[in-house]
Every structure is written in C-alpha cells, then in structure tokens.
Amino acid sequence: MSETAEEIKSIPLQEVHIALGAKMVPFAGYLMPVRYSSDIEEHMAVRNAAGMFDVSHMGEFILKGPKALDVIQQLTTNDASVLPIGKVQYTALTNPAGGIIDDLLVYHTGEEEYYIVVNASNIEKDKAWFLKHVPASGAEFQDVSEQTCLFAVQGPKAYQVLEKLTTHPVAAMEYYTCVRTELAGYKNILIAATGYTGAGGFEIYVPNEIAKDVWTKLMQAGEAVGMKPVGLGARDTLRLEMGYCLYGNDISDSTSPLEAGLGWITKFNKTFTASDILQQQKAAGVMRSLIGFEMVERGIPRGHYELADAAGNKIGEVTSGTQSPCLGIGIGMGYVEKQYSKADTEIFVNIRGKLIKAKVVKFPFVKK
C-alpha cells in the first residue's frame, strides 16, 4: 500500500528545515529533510568536524516500575541486567519465529526506569508488542514519541558544540552513556553519547515546545567549528561506511540476529522471545550471513541487486549499497550463502545484467 499525503506526518521543525533550504521527502511515514546542500558535503562535515541531524521521527518509550527490567529481559535479546544507571545498550526485539521486530536502544535512566528508542517505521508495531506483554507484568509503559524531538550532533568536534551550552563535562562522556542535565538554559535534558555515524557525538532528546530554541542555539554554537545541518542522504552513507544495519533494508521480521551478525547482542544466559529457536540456530550454524563488500571493479551496488559467484549463479542479494564518500568506491551489504561470507572472498554484483567484481570485507568499511 502506498502512503497518501494524509498519512505522512510532519516533524515539529519542518518549517525550520525548509527555511534552511532542505529538500523534504517522505521517509518512514514522516516528511524528512534528505539534504540541505549536497550529500557529500554534509557527509564530510560529520567525518571531519560536526553535523546536526533532526531525527525526530524516531520513537521514544518510557518503561518504569519494579517489573520494568523483567519486561525488557523477556522481550529483548541483550542482557539489560548488566546495565547500570547512566548506560545505554543496543539490542533487538524478536518475534516468535526468531526474526527481528526491531533493533533499538535501551537507556537505563533511573531507579526502575528505562528509556527506549525505536525506529520510526516500527513505532506502532513495537508499541503493540510491548503493550501485549506489559499488563501482565505490572510495569508502566508510556509512548512519548509525539512529544519528543531528537537531535543528533555528530562528528569529532561535536563536544565543542555542546560544551558551549552545558556545564556537564560532555567531552568526558564514555560511548553509550547518558545523563540528564542542563542544556541551552533548560533543565533535565537527556543527552547520550550515541549516534548512527561512527564519527562520535551526541543524541539529545527535547520536548517539542523547546525544540526550535534548542536547535537554534545548537546551530549557533556550531558555527565556530563549521557545523552543518545534515539530512537523511548523508546519514545513510555515514551509517553504511560503518556497516550499521538499517531496519527494513538489512534486517527485518524475516532475518534473525545471528544471520545479521548480531550474535554479540544475543545473550543466552536468560530466556527471551524465541531464544530457544535462536539457540538451535546457533548450534546448527546459519545458512546465510550478512556481509560487507567493496567493489573491485567500477560500479555502485544498490538494494535488491543480485550477488553472484564467478559463474553467474545467484548466491544472495544486496540489502544496502552506495558510493563511499570517504573511500571513493562502491560499498554494500547483503546476505549471501554462508560459504561466501569469509573476508576476501571474490563475489560479483549483477548491475544491469553485467557481473561486476567485488570482494567481501570486514566491517567497518572506514576504520575509525
């Protein structure tokens, strides 16, 4: 079913982005800024200095109460019991068949309180999944997605931007930690040393009513380091250079965490949805694996292109692909039969009927 104009939502700062020259496109049910200048210019700003994304389409839930941890342990693949207050964890929700409902972040924000960040396209699906399991447990669930804006200030100079607006020592924040602190004159703002670019930086959660003021102050603070507003185009090339999965492309309801190379967030020291199925899969070995590959010959891989062996036999399919701004070559991700998944294996991408040579490489494509 195609989305109609009525079904596409606006993010709170849409007019701000249009005034900045953003091209707005439908994405995950929202009208989002895809670029302000050029994808490459915005990409390199994040890699070399700083860029700011408005990713307010993402979903945010709060789960609290004595049984909150029990619910998270039951529904997610990672072990949240090891998470002290102030730490963040990457994890996944699984369905009864062992497929990925969503990949998400769990923030331990307080005593018996967790903040959960989910993908925009999965907000309703994830919410229904939590609500199906919360009532029996006695935990309290709240969806604050519609009241929350999310800004990502990313890049090696991101800390210099935030330092101007907070007294919290943001430069000393460890990766995957979070804090509630004062920012831009507002108290109790949730800041996390997380992101989807591999360039370092922060994600900032603010109530809608102060979002425009916080965005403006962050942009002003970023002028000295050359920070640019960045759209979804560069967000995609940045995450791809790191080999980060995009839900709906590289992972889905029909891919398991083990096939997707997410065994490191799949912990079998507890029982969660389909943990028995995934344990059997681990013991037997997966039949296909998500790989990264670089083009050896000139060509740009795109989603759904066939991956083949030297004889042209199909061995898999591209899930994400682009021309890497940092490497200057085509890079991609895709699922292949297990025997073709080792690093340096020669594979071919079928680009408009021609077999173009590529090789399997380990993630990330761009080393930090």
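How many residues line the second largest pocket, and which lie nearest its centre? The lining holds 22 residues, with N249, G303, H304, V318 and T319 nearest the centre.

This is a predicted model: local features need pLDDT of at least 70, side-chain atom pairs count only at pLDDT 80 or more, and totals for chains, interfaces and linings use all residues. Residues are numbered from 1 along each chain as its sequence is written, and side-chain values use heavy atoms, without hydrogens and water.

**The pocket.** A pocket is an open set of points on a 1 Å grid over the protein atoms alone, where a 1.4 Å probe fits, with protein on both sides within 12 Å along at least five of seven lines; lining residues have an atom within 4 Å of a point. The second largest pocket contains about 390 Å³ of space. β17 (314-323) and α7 (232-242) each give at least two lining residues. The largest share, seven residues, is from β17. By class, the lining has five nonpolar, 11 polar and six charged residues.

Strands are DSSP runs (E, at least two residues), and helices are runs of H or I of at least four, numbered from the N terminus. Two strands pair if DSSP finds at least two bridges between them.

| Partner strand | Sense | Bridges | Residues facing each other |
|---|---|---|---|
| β18 (residues 330-337) | antiparallel | seven bridges | I291 and G334 |
| β20 (residues 354-361) | antiparallel | four bridges | F293 and V360 |

Note on methods: Grid points are joined across faces, edges and corners, and a volume is the space filled by probe spheres set on the points. Ala, Val, Leu, Ile, Met, Phe, Trp, Tyr, Cys and Pro count as nonpolar, Asp, Glu, Lys and Arg as charged, and the others, Gly among them, as polar.
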